[in-house]
Amino acid sequence: MQNLFTTLLIIDSILIVIATLMQPSKQQDALSALSGGATDLFGKQKSRGFEAFMEKVTVVLGVLFFAFSIVLVYLASH
């Protein structure tokens, strides 16, 4: 059982890295990085399309990562 969750945790870790690298960059250039790049109220724009999908995938993979980690700690202690 512990081997199964360890394998799932490794696969999830690799998928988190891939999902993070696939997300589009938020900063357009060096000037917006220095000035904050605020285009609307507080600089927050609603994600749409592929960007929104990748954010949701990253959140789900992150939750799975913590769940698998907690299960592995539980299995290791018992």
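The protein chain has three helices and zero strands. Here helices (H or I, at least four residues) and strands (E, at least two) are DSSP runs, numbered from the N terminus. Along the sequence, the pattern reads α-α-α. This is a predicted model: local features need pLDDT of at least 70, side-chain atom pairs count only at pLDDT 80 or more, and totals for chains, interfaces and linings use all residues. Residues are numbered from 1 along each chain as its sequence is written, and side-chain values use heavy atoms, with hydrogens and water left out.

**The chain as a whole**

- Of the 78 residues in the protein chain, 17% count as buried. Buried means under 20% relative accessible area, exposed means over 50%, and partly exposed lies in between (1.4 Å probe, protein chains only).
- The protein chain exposes about 6,300 Å². Carbon and sulfur atoms supply 70% of that area. Accessible areas come from the Shrake-Rupley method with a 1.4 Å probe; for residues, only the protein chains shown count as cover.
- Take the contacts between residues at least 6 apart in sequence: 90% of them join residues at least 24 apart. Contact means heavy atoms within 4.5 Å.

**The nonpolar patch**

- I10, I11, I14, L15, I18, M22, F50 and F53 form a nonpolar patch on the surface. Together they have about 780 Å² of accessible area.
- The elements that give two or more residues to this patch are α1 (2-22) and α3 (50-77). Helix α1 gives the most, with six residues.
- Patches are made of residues with over 30% relative accessible area and no salt bridge; like charges are joined within 9 Å, and nonpolar side chains (Val, Leu, Ile, Met, Phe, Trp, Tyr) within 5 Å.
- M22, one of the patch residues, lies in helix α1. M22 counts as partly exposed because its relative accessible area is 44%.

**D12, a buried charge**

- D12 lies in helix α1. D12 is buried yet has no salt bridge. A salt bridge is a side-chain nitrogen of Lys or Arg within 4 Å of a carboxyl oxygen of Asp or Glu.
- Lys and Arg count as positive, Asp and Glu as negative; His and the chain ends are not counted.
- The side chain of D12 does reach the backbone nitrogen of F65, at 2.9 Å.
- Beyond its neighbours within four places in sequence, D12 is in contact with L61, L64, F65 and F68.

- F65 is found in helix α3. F65 counts as partly exposed because its relative accessibility is 27%.
- Not counting residues up to four places away in sequence, F65 touches L9, D12, S13 and I16.
- F65 and I16 are 49 residues apart along the chain. Their C-alpha atoms are separated by 8.7 Å.

- S13 is found in helix α1. S13 is partly exposed because its relative accessible area is 25%.
- S13 and G62 are 49 residues apart along the chain, with 8.6 Å between their C-alpha atoms.
- V17 is also found in helix α1. V17 is partly exposed, at 48% relative accessible area.
- V17 and L61 are 44 residues apart in sequence and 9.9 Å apart in space, C-alpha to C-alpha.

How values were computed:
A polar contact is a pair of N or O atoms within 3.5 Å; within protein, one must be able to donate a hydrogen and the other to accept it, and residues adjacent in sequence count only if both atoms are side-chain atoms.
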